[in-house]
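Me: Please go through the fold of this chain with me, one question at a time.

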Amino acid sequence: MFLQRSEAVPDQLFRKIKGIIEGDSFPWFYASTSAYDGNKELETLHNGSFGHIAYNGGKITPISDLLEAALLVALDKFSMQLNTLKRIRIGYIPIAAKDTINPPHVDILTPHKVALLYLNNSDGDTLLYNEHYSSGGHLSSSDYYQYTLGGHVTVDTTVTPVENKMIIFDGLQYHSSSAPIKTKRRIAVNYVFT
């Protein structure tokens with residue numbers, strides 16, 4: 001499953017969200033890796049990024065309500081239902097000196113969907129791979145990638161971030177973000193849901 005839509009969120013709602021997130025007072029937190037399961041070997045492959053968890057099984061920050069509303073409006077355009085919202089994470093990847101693709105991963109180890117809402121035009125592509133996680137939670141995402149897939153995945157789809165574009169895909173499909181080398185930042189809202 002792979003879906004995409006330009007102008008996923010009504011313009012006024014999108015501009016409000018973008019203005020808050022790109023504002024000088026928005027809190028960002030450094031992460032040494034974009035893949036969350038703690039594989040130190042994979043962490044050395046890239047320079048890190050910044051993130052902001054707005055929702056993680058419950059509201060964490062004030063922007064979570066706006067971001068959830070944006071997802072609901074976009075899902076209507078995709079003719080999809082939201083059953084359970086698991087997490088909303090905003091990711092900020094700064095410009096890099098060289099091409100850097102972050103480690104292939106899945107966000108959580110149980111069946112889910114991922115939606116990415118791009119907040120700016122950027123050359124930091126998202127890569128979706130042909131391979132899917134299927135360990136049933138017995139192995140971490142990075143261990144399954146290393147030991148079951150032999151540390152090798154093949155690209156299925158490449159998506160270039162375009163402002164207010166949303167993509168939705170099977171959350172058990174391995175995917176990676178990449179760092180921009182032409183634009184100063186790549187900002188995307190990552191939704192994990194069923």
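**Helix packing and sheets**

Reply: Helix α1 passes helix α3 in a left-handed crossing, left-handed being the case where the near helix is turned anticlockwise from the far one by less than a right angle, and right-handed if clockwise. This is a predicted model, in which local features need pLDDT of at least 70 and side-chain atom pairs count only at pLDDT 80 or more, while totals for chains, interfaces and linings use all residues. Residues are numbered from 1 along each chain as its sequence is written, and side-chain values use heavy atoms, with hydrogens and water left out.

Me: At what angle do the axes of α1 and α3 cross?

Reply: Helices (H or I, at least four residues) and strands (E, at least two) are DSSP runs numbered from the N terminus. Axes are lines fitted to C-alpha atoms, for helices over the stretch in contact, and angles run from 0 to 180 degrees between N-to-C directions. The axes of α1 (residues 11–21) and α3 (residues 64–77) come within 10 Å, and they cross at roughly 145°.

Me: How many nonpolar residues does the contact of α1 with α3 have?

Reply: With contact meaning heavy atoms within 4.5 Å, α1 contributes Leu13, Lys16, Ile17, Ile20 and Ile21, and α3 contributes Leu66, Leu67, Ala69 and Ala70. Ala, Val, Leu, Ile, Met, Phe, Trp, Tyr, Cys and Pro count as nonpolar, Asp, Glu, Lys and Arg as charged, and the others, Gly among them, as polar. By class the contact has 1 charged residue, no polar ones and 8 nonpolar.

Me: Which strands stand at the edges of the sheet of 7 strands?

Reply: Two strands pair if DSSP finds at least two bridges between them. The open sheet has the order β1-β8-β5-β10-β4-β3-β2, with antiparallel pairing. Each edge strand has a single partner, so one side of each is left without a neighbour in the sheet; these strands are β1 (2–5) and β2 (29–31).

Me: Which residue in β8 stands opposite Leu116?

Reply: Strands β5 (residues 113–118) and β8 (residues 166–170) run antiparallel and are joined by 5 bridges. Opposite Leu116 stands Ile167.

Me: How many residues of β9 are buried?

Reply: β9 (173–177) is an edge strand of the open sheet β7-β6-β9. Buried means under 20% relative accessible area, exposed over 50%, and partly exposed in between (1.4 Å probe, protein chains only). Gln173, His175 and Ser177 point one way, Tyr174 and Ser176 the other, and all are buried. The count for β9 is 5 of its 5 residues.
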